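User: I'm new to this one and would like to know what stands behind the labels. Can you take me through a few of them?

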Amino acid sequence: MKFSQLFSKTLREAPSDETAINAQFLIRGGFISKVMAGVYEYMPLGLRVLNKVNNIIREELNKVGGQELFMSVMQNKETWSATGRWDSAKEVMYQFKDAASKEYGLGFTHEEPLTATAKHFISSYKDLPKAVYQIQTKFRNEPRAKSGLLRGREFLMKDLYSFHADQGDLDQYYEKVAEAYDNIFSRAGVKAIRTFASGGLFSKYSDEFQVVADIGEDIIYVNEQENKAVNKEVYNDEVLTDLGWDKNSLTEKKSVEVGNIFKLGTKFSEPLGLTFMDSSGNNKPVIMASYGIGPGRLMGTVVEVSHDSKGIIWPESIAPFKVHLVSLDKNKEADEVYTQLQSKGIEVLYDDRDDKAPGEKFADADLIGCPIRIVVSKKSLEEGSVEIKKRSETQAGLHKIDNFLSALN
RNA sequence: CGGGAUGUAGUGUAACGGUAACACGCACGAUUCGGGUUCGUGAGACUCCGGGUUCAAAUCCCGGCAUCCCGACCA
């Protein structure tokens with residue numbers, strides 16, 4: 001991609017109404033654009049990052065047998081009335097009437113519709129277990145959208161649901177997904193701590209995946225050594241005793257919840273009538289669990305925990321491009337380096353602009369935050385070299401132009 | 001939904017109650033070329049919306065709306 005062709009432009013200053021670091025850098029870098037409170041558009045640069053996050057999620061979930069599907073955002077009232085949530089969720093769910101006064105809602109989660117759909121396909125113990133997921137836009141009427149991508153009213157969510165014949169099978173699969181989550185978050189470049197938490201209206205307890213960051217809304221008590229934590233909402237002597245954790249090993253931290261997993265049991269299968277016949281001919285409700293990750297929130301969280309005063313420092317796994325190539329002094333060699341990188345399948349953003357001063361190009365490279373910066377200039381060419389610098393480091397090094405590729409890893 | 005703050009050009013800011021200015025960005029022309037180079041010319045604003053006070057409102061008052069922050073909420 002040539003910088004001169006990019007749809008977006010960088011901004012020298014962040015809009016004054018954005019105070020969250022993730023929003024400031026992502027807007028300044030041209031990754032996202034704000035539409036209204038809690039609603040952002042992803043520009044080409046931002047979509048590249050988001051898609052990489054999504055693909056990491058897909059790879060890890062596919063490994064544990066998840067099958068991707070795509071449900072509807074439009075929801076009918078009847079399905080949601082079966083569990084009573086049409087009324088109880090009125091505050092969060094956008095609900096409206098069409099011209100004929102028929103009522104609809106926009107999905108803010110998908111337990112009900114998926115359970116209803118599963119009835120078409122699950123009827124025997126031979127059909128179990130199953131796990132399906134989607135990555136889709138969710139709508140929630142948040143009373144207070146805030147912190148850039150961290151809490152929105154329209155946002156992307158990966159929601160996985162699993163169906164089981166018995167609790168033991170669910171418990172086993174639940175742990176497999178928890179491992180997949182660990183992989184997803186570490187591949188995306190954040191340290192997410194599995195946190196014992198409240199299950200809200202879903203279940204008594206749940207497991208959350210929390211990234212320590214000051215902008216977070218949650219308060220957790222972390223055991224750094226053992227990489228585990230408990231959420232303040234269930235932090236009491238009884239729970240600590242049950243867990244067998246020592247109060248003195250825990251430190252209070254603020255954190256962002258990037259994922260959560262719930263054991264739903266038969267909370268949805270019973271009211272919606274999702275049952276299966278076991279091997280002895282008895283009809284039983286299917287046992288379910290649900291598992292969420294907010295890819296956009298995760299992207300914002302990465303920015304929160306990985307930046308410096310000049311801009312974002314993307315982990316290579318989700319960086320918009322691996323290499324940010326900067327050409328100075330109007331040389332031909334940079335074009336050749338660009339072609340060479342592309343032919344090797346290395347993703348590169350090429351700052352080919354010839355009307356910008358070096359300082360501005362460096363500032364943009366730091367802001368956008370690709371892991372590797374390559375500069376081709378008169379200075380480097382005098383040495384027959386290109387300059388290579390990692391975004392995360394301050395030291396740059398010269399590498400001969402005929403074999404600079406070997407220095408990229 | 002309670003409390004607080006703020007709404008002026010694409011972005012950041014200015015303007016005693018006297019008819020909107022500056023910087024960045026943008027266009028054109030020079031200049032320069034390793035950390036946002038310098039100079040010139042130019043385009044770009046119903047000052048969030050609606051009322052009111054006044055000879056006169058970006059500015060004061062009332063009512064909306066929007067955005068951010070704190071809290072409540074967070075499936």
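User: Why is V305 called partly exposed?
Analyst: V305 has 18 other C-beta atoms within 10 Å. A residue is buried with 20 or more other C-beta atoms within 10 Å of its own, exposed with 12 or fewer, and partly exposed in between, with C-beta atoms placed from the backbone. So 18 makes V305 partly exposed. By the way, this is a predicted model: local features need pLDDT of at least 70, side-chain atom pairs count only at pLDDT 80 or more, and totals for chains, interfaces and linings use all residues. Residues are numbered from 1 along each chain as its sequence is written, while chains are lettered from A and ligands numbered from 1 in the order in which they are written.

User: Which residues is V305 in contact with, leaving aside its neighbours within four places in sequence?
Analyst: Those are V190, V211 and A213; contact means C-beta atoms, placed from the backbone, within 7 Å.

User: What makes strand 4 and strand 6 a pair?
Analyst: Three bridges join them, running antiparallel. Two strands pair if DSSP finds at least two bridges between them, so three will do. Along the way, N76 stands opposite Y104 in strand 6.

User: Which residues come nearest to RNA strand B?
Analyst: Of the 44 around it, D17, A37, A89, G200 and G359 do; near means a C-beta atom, placed from the backbone, within 6 Å. Helix 11 gives the largest share of that surface, eight residues. Helices (H or I, at least four residues) and strands (E, at least two) are DSSP runs, numbered from the N terminus.

Terms used:
Contact = placed C-beta atoms within 7 Å.
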